[in-house]
Amino acid sequence: MATLPARERLLAAAVDRALDTGIADLSLRQIAAAIGTSHRMLIYHFGSREGLLVAVTQAVEDQQRAALLDSGATSQDARRAWERLSDPALWPQERLFFELYAYALRGRPGTEGFLDGIVESWVAPVAAARVQAGADERAARADARLGVAVVRGLLLDLLATGDRAGVDEAYERFLARASPTAASPGKVADAGSHRPDDAQPRQPGKEHPSQP
């Protein structure tokens, strides 16, 4: 890390701290003390506390996205990715993600740029993987976007309710419907009136679900 430029070195240290004990509740001076620098240096490189938090959150997003794309495309790979993303150890950072999301939507100073690519940065690589596997490009993008929305929604649900069993079950049902062998939306709708509520979900095959 010592060979990295100053900004990257400070960012890496802040990311480590964020993933270790969290930084969302710390002031800029407290963050600076925790990573062995001064608040003036953090202001110089990141502009403000919000600017630092945005940079940290984007860096964590990059890490999680890379891990997803390296993990594979089977249902079991998707389950492992979900286990990693929904691990309580990541909850402080995920709470910060949703907090910054809300701040950026409201135009809070320091969060400029946070929404740039907030969806597309996930959709594009996941859709490309699906196209490479033989999927139609338009359908691949729609499926990737749906996957991002589902996973982020379930993570927000988990943070709000703590209902691990309910959220995990919902994710399993999403995987079952995300399988390339699942019926088209029209066929699912037609079949819905003939399927009992307690029917077992379809067993998933190979797919390329996306994560946030």
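**A pair of packed helices**

Helix α8 (residues 137-161) and helix α9 (residues 164-178) pack at an angle of about 170°, and their axes are 9 Å apart. Helices here are DSSP runs of H or I with at least four residues, numbered from the N terminus as strands (E, at least two residues) are. Axes are lines fitted to C-alpha atoms, for helices over the stretch in contact, and the angles run from 0 to 180 degrees between N-to-C directions. The angle therefore makes α8 roughly antiparallel to α9; angles over 145 degrees receive this name, those under 35 count as roughly parallel, 65 to 115 as roughly perpendicular, and the rest as oblique.

The model is predicted, so local features need pLDDT of at least 70 and side-chain atom pairs count only at pLDDT 80 or more, whereas totals for chains, interfaces and linings use all residues. Residues are numbered from 1 along each chain as its sequence is written, and side-chain values use heavy atoms, with hydrogens and water left out.

On the α8 side, the contact (heavy atoms within 4.5 Å) is made by Leu 146, Gly 147, Val 150, Val 151, Leu 154, Asp 157 and Leu 158. Helix α9 contributes Arg 164, Val 167, Ala 170, Tyr 171 and Phe 174. These residues divide into 9 nonpolar, 1 polar and 2 charged. In this division Ala, Val, Leu, Ile, Met, Phe, Trp, Tyr, Cys and Pro count as nonpolar, Asp, Glu, Lys and Arg as charged, and the others, Gly among them, as polar.

Arg 164 meets Asp 168 in a salt bridge, at 3.5 Å from N to O. A salt bridge is a side-chain nitrogen of Lys or Arg within 4 Å of a carboxyl oxygen of Asp or Glu. Asp 168 and Arg 164 are 4 residues apart in helix α9, so about one helical turn separates them. Arg 164 is partly exposed at 29% relative accessibility, and Asp 168 is partly exposed at 27%; the class lies between buried (under 20% relative accessible area) and exposed (over 50%), with a 1.4 Å probe and protein chains only.

The structure holds 8 salt bridges. Among them, Arg 108 pairs with Glu 50, with the closest N and O atoms 3.4 Å apart. Arg 108 lies in the loop between α6 (91-105) and α7 (120-132) and Glu 50 in helix α4 (residues 49-71), so this pair ties together parts that are 58 residues apart in sequence. Glu 50 is buried at 17%, while Arg 108 is partly exposed at 32%.

Tyr 171 belongs to one of the 6 aromatic pairs found in the whole structure. Rings of Phe, Tyr and Trp (its six-membered ring) pair if their centres lie within 6.5 Å; planes under 30 degrees apart count as stacked, over 60 as edge-to-face and the rest as tilted. The rings of Trp 82 and Tyr 171 have centres 4.8 Å apart and planes at 15°, so they are stacked. Trp 82 sits in helix α5 (residues 75-85), 89 residues from Tyr 171 in helix α9, and the pair thus links distant parts of the chain. Both Trp 82 and Tyr 171 are buried.
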